[in-house]
Amino acid sequence: MKKAPADIIRDYGPFEGADRINGVTFDGDHVWFSSGEKLHAIDPDSGAEVRVLDVVGHAGTAFDGRHIFQIAGTIIQKIDPATGAVLATIPAPGNGGDSGLAYAEGTLWVGQHRERRIHQIDPATGAILRSIETNRFVTGVTFVDGALWHATWEGEESELRRLDTATGAVLETLEMPPGIGVSGLESDGGDRFFCGGGSSGRLRAVRRPRPD
């Protein structure tokens, strides 16, 4: 397993009206994050907030190319990012214990925080297609270049971890500095991970290692 310190390349926030950062996603232009009662969009280059939607979000956030998916309590909402309208809902597999959320391969990947598990689910029905076990809390999920990454945060320790989707084995870890937790995780498809900072109200960009 490869292990390295996380290279934090940018720190964003805090943001007005956002006491915490839950889920994080990227739509190709803007980074979106949920703060509890709102969805916020920022420009990752300037750091400026560009939009706020009245959408409840308690955990993971994902983008499928057209819509935002947002965990809210025991459901996952499908949202029109242009208006904030909720177009559909499906049950969240953890019934309130869900954490990270990502969209990849036509499906949603949902973290189960204390169950140390990630489910792949049907975005139309919520049906569980498969499950991957891990050995740490799951606090964020993202999928990039065919690789599944998840964040973990236990006590003062937090990491970004790349998993083998067949076995759940940890292939690579990036260790965050002590005291800096990760509450949501997203890749921009390039060299950056965006990491929510929980109750710090901050968002951080971490350099993604290039595959060997």
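Author: Start with accessibility: buried means under 20% relative accessible area, exposed means over 50%, and partly exposed lies in between (1.4 Å probe, protein chains only). The model is predicted, so local features need pLDDT of at least 70 and side-chain atom pairs count only at pLDDT 80 or more, while totals for chains, interfaces and linings use all residues. Residues are numbered from 1 along each chain as its sequence is written, and side-chain values use heavy atoms, with hydrogens and water left out.

Reader: Why is Lys-3 called exposed?

Author: Lys-3 has 53% relative accessibility, so it counts as exposed, the cut-off being over 50%.

Reader: What makes Lys-3 and Glu-175 a salt bridge?

Author: A salt bridge is a side-chain nitrogen of Lys or Arg within 4 Å of a carboxyl oxygen of Asp or Glu. For Lys-3 and Glu-175 the N to O distance is 3.8 Å, so the pair meets the rule. Lys-3 lies in strand β1 (residues 2-5) and Glu-175 in strand β18 (residues 170-175), so the bridge ties together parts 172 residues apart in sequence. Strands here are DSSP runs of E, at least two residues long, numbered from the N terminus. Glu-175, at 32% relative accessibility, counts as partly exposed.

Reader: Which accessibility classes do Asp-145 and Arg-208 fall into?

Author: Asp-145 is exposed at 56%, whereas Arg-208 is buried at 5%. Their side chains meet in a salt bridge of 2.9 Å, N to O. Asp-145 sits in the loop between β15 (140-144) and β16 (147-154) and Arg-208 in the segment after β21 (203-207), so parts 63 residues apart in sequence are tied together.

Reader: How many salt bridges does the rule give?

Author: The count is 14. One of them joins Arg-162 and Glu-172, at 2.9 Å from N to O. Arg-162 is partly exposed at 22%, and Glu-172 is buried at 7%. Bridges that share partners also join Arg-116, Arg-136, Glu-154, Glu-159 and Arg-161 into one network.

Reader: How do you know that β19 and β20 pair?

Author: Two strands pair if DSSP finds at least two bridges between them. β19 and β20 (residues 192-196) have four bridges, in the antiparallel sense.

Reader: Why are β2 and β19 said to stand at the edges?

Author: The open antiparallel sheet has the order β2-β21-β20-β19. β2 (8-12) and β19 (184-187) each have a single partner strand, so one side of each is left without a neighbour in the sheet.
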